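This report describes one protein model, strand by strand and then as a whole. Please keep the sequence and the structure in view while reading.

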Amino acid sequence: MIDAIEFLKLIPVWSDIDLAVANYVSNLCANDKKVHGFVLGMLLQHARNNGSVCIKYEEIGQVFEDIIDNEISLYKRSKVIAEFNGRLGLSGKDTGAVNAEDSDWFSRYLAVSGLDKILNELSQKSFYDNGGPGESCMQFIDDSVIEYVADSGRNLHDSMTVGRQIREVRVPLVYSLERIYISRYFAYELIIAGYIRNSVRIECITTGKKSEKLSPGFDMKNIHNMWTEVYDAIDEVERKLGGSADKNEINWQKVAVAMSLCHPFSIITGGPGTGKTYTVSVLICLLKKICSSLRIGIAAPTGKAAARVKESLNDAFSGPFAEAYRKLYPNLIDEIAPAETVHKMLGIFPGKSVSRVNENNPLNLDVLIIDEVSMMDIFLMNKVVAALRSGTRLILLGDKDQLASVEAGSVLGDICTILGMSDKEQKLTDYEKDVVTGLTGYTEKELFSVPGLASGIASLHKSRRYESSPLIGVLANYVNSQDFRYSETMNIVRKQNSAELQPLSGGNSLSFGAVTSDRDDRNIKGVALINGCGKELVDILCEKAVTGWNIEKSGTDEKNIFDLPSACASYRKFVEYTTAHPVLSSTENENGECAQADSYVAKAFGMINAFRVLCPERQGFFGVRYVNDGIATAGLRWLKKHADRDQYPEIATLDKTWYPGLILMVTKNDSNLGLKNGDMVICGYDEKYGSAKRVWVQMENKKYKSVSFGMLAEYETGFAMTIHKSQGSEFDHTMMVMNGTERTITKELVYTGITRARYFVSMIVGNNGCSNTVNLDDRFAQKVKRSSGLSERLYGR
């Protein structure tokens, strides 16, 4: 006989920390509940590792079953079965022994170990009504007795009942809202929910009724005057550019700005190209016009995202509207704190959970704007909330439909669930109606003509990115719809009638593409869908990513599947350029350190974002590592075939770990080199260092420097990257390579991959070589499953 805990430890999916938490909880339980505590501790920690904040008690059995189905490979299953049979003193041929081909292998183990009974008890409400695994390891908190300041009618600055209740939690597990939490994640959720509920009750603008102004100048009359001045200047520039808005069309960017003024907490959400950065640039200008003393900070979850938002805001303030901003508020960009990562802003160091900036040492800011909030987990959001001074505005930007954070929680998605509720549940308060309608001139009926507006939350609906490449927009919207079926994707694209479709040639009937521009257009626009691919086709893809797509070929061999239009971006131009210019240095600045914008290296960096391969996972033939290795090998082969031998005397010694034109991606921040996780660097020579191996780094203000290749600590080849890693990036041509059966495939992941493309997107789907894609419908339509109680705490559901 084997007991349940022994059996659980045989399953090769638990991490050391899963087992440590399980043992800790189990040791606090009474003898007859130790197994229950072990299972709860292990499942909760494992769920946290996979992004969930809690588990509903009624779903415990299903969670366990999903782990076994999705995380135990056939190879691991065979090992588990062999070891289990061994513990029972049986061989595979003995009566009662379990074999790998048995479909009920796991249910038989559950029965033998008694774990089926344990899981059944844990999935019953009666178990928790009778005390659960014991008061020494689980605290029961009835949500109806949680008192939020906003609900109690107290002033926000009074001591929070929520905080006091959290401090009273002295055990590892909490039972609340019919969910089981690890206690610290319960605390995070409660604090965030309390902060949002409190904040959206605060009226920041004097409208003739009682309100609580956060800063001088926030009365409706003054704000209206400043609003008119700002938008008159912007509208004047738009008229000069010939792009003034349609008077009959609602300007959702204006609505978002107005909503962001209402409360100390707000969210602006929208897909790619909807103008989130433009909207926030107008908002910043307006805030500074209303109160010039406001201290405004900008942050993002990652170094790469922080650099992007800084660059985007610089472009917004120095672009077509620069004249308007100079007129409205000279030197505006200089009065905003430089964008930085949330971790750096809060003083959170790697591997540490304590932040230097906290409730006892809050941020010295009046306004904090955070971009790419979909990447933020519940721990980091909790740290942000704790670090805010009383009265600080928090403005969050992000795409609610993108992938959630790698760590636990789906904070932005949970907060924005109200946008998917009925119109009655999305209603605005009288105060919000007065402010938004008073500033924008729209009626309440107009504001709710499209779902996407709620207290403190505004959605941007119109994407300008795909106006010139509508098929990508069609594809992205279809993936996001309730009716999404992958097997129907080709038909949906074919039925698009807003532009003339030109089918591409393909190797078989499962290959379909359409373009909405001339085939020779430098920025050719369209989509391509290719199904039934195997390892051989992935190998061909890696080769053609370097040599280019040759539409002129004919025939029905597999190579023709990748005969996209020759103008469709690949790495061809980049490898040609770096092969011809292995020495990337050129003009230096006055300090003799950085190459300028007209140098060879600047031109090389200008090419690398034309094309990128994206994969759902890292392993396997459709994974990042295999694809990167294939493209790097093809690039080296190209170099050795086409290089001028006079420029490459050492060409015979070059390998795919380093050669001129190899793209590498940094995987860990390095403050000494000024590198951030996700930065791309290009291998190449520097004329000052002869034949020494160097890598070129893009610095701020589009300056460049080279560092010794040996100084790079943590990196990987960068021709392909995971879809998670690509968030916030844009490429002219995005090629998604996936088997389609990966357990990580979700609607959010596919949507995120598609929307990384500016002009052209290719979806290469293997499906284990199967030509029929109906079996992929459920896989592609599934949404990210992350258990959380945040939405229910905010909206009651």
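## Strand β23 and its partners

In this predicted model, strand β14 (residues 526–531) pairs with β23 in the parallel sense over six bridges. Strands here are DSSP runs of E with at least two residues, and helices are runs of H or I with at least four, both numbered from the N terminus. Two strands count as paired if DSSP finds at least two bridges between them. Within this pairing, Ile530 stands opposite Ile764 in β23.

Strand β22 (residues 731–738) also runs parallel to β23, joined by seven bridges. Met738 of β22 stands opposite Val765 in β23. From β22 the chain passes through helix α28 (residues 747–754) to β23, a right-handed β-α-β crossover; that is, with the strands pointing away from the viewer, the path from the first strand over the helix to the second runs clockwise. Strand β23 (residues 757–765) is mostly covered, with seven of its nine residues buried. Buried means under 20% relative accessible area, exposed means over 50%, and partly exposed lies in between (1.4 Å probe, protein chains only).

Ala458 lies in strand β11 (residues 457–460). Is Ala458 buried or exposed? Ala458 is buried, at a relative accessible area of 1%.

Leaving aside residues up to four places away in sequence, Ala458 touches Ala256, Met259, Ile267, Ile268, Thr269, Gly452 and Leu453. A contact means heavy atoms within 4.5 Å. Ala458 and Val257 are 201 residues apart in sequence, yet 8.6 Å apart in space, C-alpha to C-alpha.

## The whole chain

The protein has 30 helices and 23 strands. Of its 797 residues, 54% count as buried. Among contacts between residues at least 6 apart in sequence, 72% join residues at least 24 apart.

## Confidence and conventions

The mean pLDDT (the predictor's confidence in each residue, from 0 to 100) is 80, and 83% of the residues reach 70 or more. Confidence is lowest in strand β12 (residues 502–503), at a mean of 48, and highest in strand β15 (residues 611–615), at 94. Over residues 155–160 the pLDDT is below 50, and this stretch has ten contacts in the model beyond near neighbours in sequence. Residues 551–559 also have pLDDT below 50, with 17 such contacts.

Residues are numbered from 1 along each chain as its sequence is written, and side-chain values use heavy atoms, with hydrogens and water left out. Local features need pLDDT of at least 70 and side-chain atom pairs count only at pLDDT 80 or more, while totals for chains, interfaces and linings use all residues.
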